[in-house]
Amino acid sequence: MIISLAKRKKIKMTLLYCLLIPFLVFFMFPLYWMFITSFKTNVEIASLKGIPLIIQSKPTLAHYKMILFKTRFLIWFKNSFVIAGLVTVLTMVISILAAYAISRLKFFGSRYFSVGVFYTYLVPPALLFIPFYKVVGELGLLNTKWCLLLLYPTLTVPFCTWLLIGYFATIPRSLEDAAFVDGATYTQMLWKVFLPVAAPGIIAATMFAFTLSWHQFLYPLAYIYSEEEMMLTTGVYSALIRGDVYFWGELMGGALLASIPVVVLFAFLMDYYIAGLTKGAIK
Amino acid sequence: MNTIGSTINRRPPHTLLSRLRSGRLAGYWMILPLFVLLIGLVAYPFVYSIYISFENKAETNFVGLENYKRLLDYSTFWLVVGNSFRFTFIAVFFKATLGILLALILNNLPLGGQRFWRGVCLIPWVMPLSMSCLAWWWIFDPTHSALNWVLVQLGFTPKPWLSTPFWARFSTILTDIWYGTPFFMIMYLAGLKSIPESLYEAAQIDGAHALQCFRYVTLPMLSKLIAITMMFSTITTFSNFDIVMILTRGGPRYTTHLLGTYAFNIGIEGYHLPLGSAIALFLFPVLAITAFFVLRNIARGEE
């Protein structure tokens, strides 16, 4: 066969993109469907005429106005933000300290700790939500958002610690030794040498702590009933579904708005996120 | 190992503070918050859940293994166990297959495009699952939705996506494949990058074509990563909650309930915490066995 190399490359690329397109359609369709539904009028959503895949009549902002001003959406947003933010700070403090100790200071039991961290990292919310119901109840935190401050770290801390143990292990020890030789104290070494070098891993862990908290659905669904205290995920789910009438426009708009913060975060810090995801799982 | 750092560490005067700061004791202080968390909020609740599962509905008396016995006699429970395994096996299989296919496609794209499309393909994984499930719920709507509209345009009959056992199972599994495939893709893509180019060159010199390269170079080099990724996914898929809770709430007639959603249904919605606790504990053996194998695989990699 006499096909020039350039031509062959072109054929290969076309073929690859043809294979990629079905995946892209599959992956992006729900997002697209949310987007167009949220701008359709109720009449159009309910209508059985025409093509549902596009907005046919004049797009409307009515659903967004309704979400933002007639529901407690902004309160849920604030709740999610406050809880995810506080959990992230708490997680990073606990995880950095623990990961440093496990990967650097060889003390009795440090090896068992890393195994323990790994096992708890694999504990899913579905396993422990019933005893947590009792624990949260006994602490008098049922139906308040503050119970999540206690529960989310059980998901974020093991994951972030595991990720950071793996990350810290890749940082050469000689770096710290050099700092000590230069007369740095322990604290100086940590703040001025170790943490800056570990920054990519710490950024990834921070992102994971935030997104994991933002995503959670089971815990807030099980323990929080009043709309004032709800998280975004459960607020959109419980409060916008009323009886048999589905407010699809509001529901899709709300779901889209609830997804945007983490997707934007991801768009900006994608490389850290991906490196963390693959490292966190493999090693 | 006697590194310079550790010898210098021991040099400061032996005041209590310096002792706490350096060496062994510092390690214990630094790990204390984690330790408290793991004991207080993971180990204790776990033991507590076993304790609860031995109580009666009102949580006033111990009934021993009564809740477990009741479950084992209960055909709905076995239906749910079957659902969980079916859901997990089918979903993990397709996620792994589509994941490797997608990773291979992306890996062959030029670097610029690859970076961009990799990011786009990861969006289902980055979005909050509960929120994308709401979109899927609306996509599966029988009369107003896009999916049946497309089917009708293509000459098929519309499908009852969420209201018959077969299609409801199909829909929940499809949603999980949508959500989980990106995770496999990203893991495999990282794996593909770590295979040295020289192996492919050697294979090509030996006259191997693309498919043989995949079969005899790519697959063996990725086998461990494939196994680890599938085990990770098995754990998250088996304990999935959001998808079934939002799409079907376990219906029609319990045919899509998974252990997690069933435990929620009985324990939280049905106010029978002990029985719910017993159901959730059935997740444990599968999770523990899988986790054990993951750890063994990872540990082997370190040697």
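The accessible surface of chain A amounts to about 12,600 Å², and 72% of that area belongs to carbon and sulfur atoms; such areas come from the Shrake-Rupley method with a 1.4 Å probe, and for residues only the protein chains shown count as cover. The model is predicted, so to speak of local features a pLDDT of at least 70 is needed, side-chain atom pairs count only at pLDDT 80 or more, and totals for chains, interfaces and linings use all residues. Residues are numbered from 1 along each chain as its sequence is written, chains are lettered from A in the order in which they are written, and side-chain values use heavy atoms, with hydrogens and water left out.

Chain A holds 13 helices and 2 strands, taken as DSSP runs (helices H or I, at least four residues; strands E, at least two). Among its 283 residues, 54% are buried, meaning under 20% relative accessible area with a 1.4 Å probe, protein chains only.

Turning to the partner chain, 98 residues of chain A and 103 residues of chain B take part in the contact, defined as heavy atoms within 4.5 Å. About 9,100 Å² is buried between the two chains, 82% of it from carbon and sulfur atoms; buried area is the accessible area (1.4 Å probe) that two parts lose on being put together, summed over both. On the chain A side, Phe27(A), Leu127(A) and Ile130(A) lose the most area to chain B, together 8% of what that side buries.

Notes:
Buried means under 20% relative accessible area, exposed over 50%, partly exposed in between (1.4 Å probe, protein chains only).
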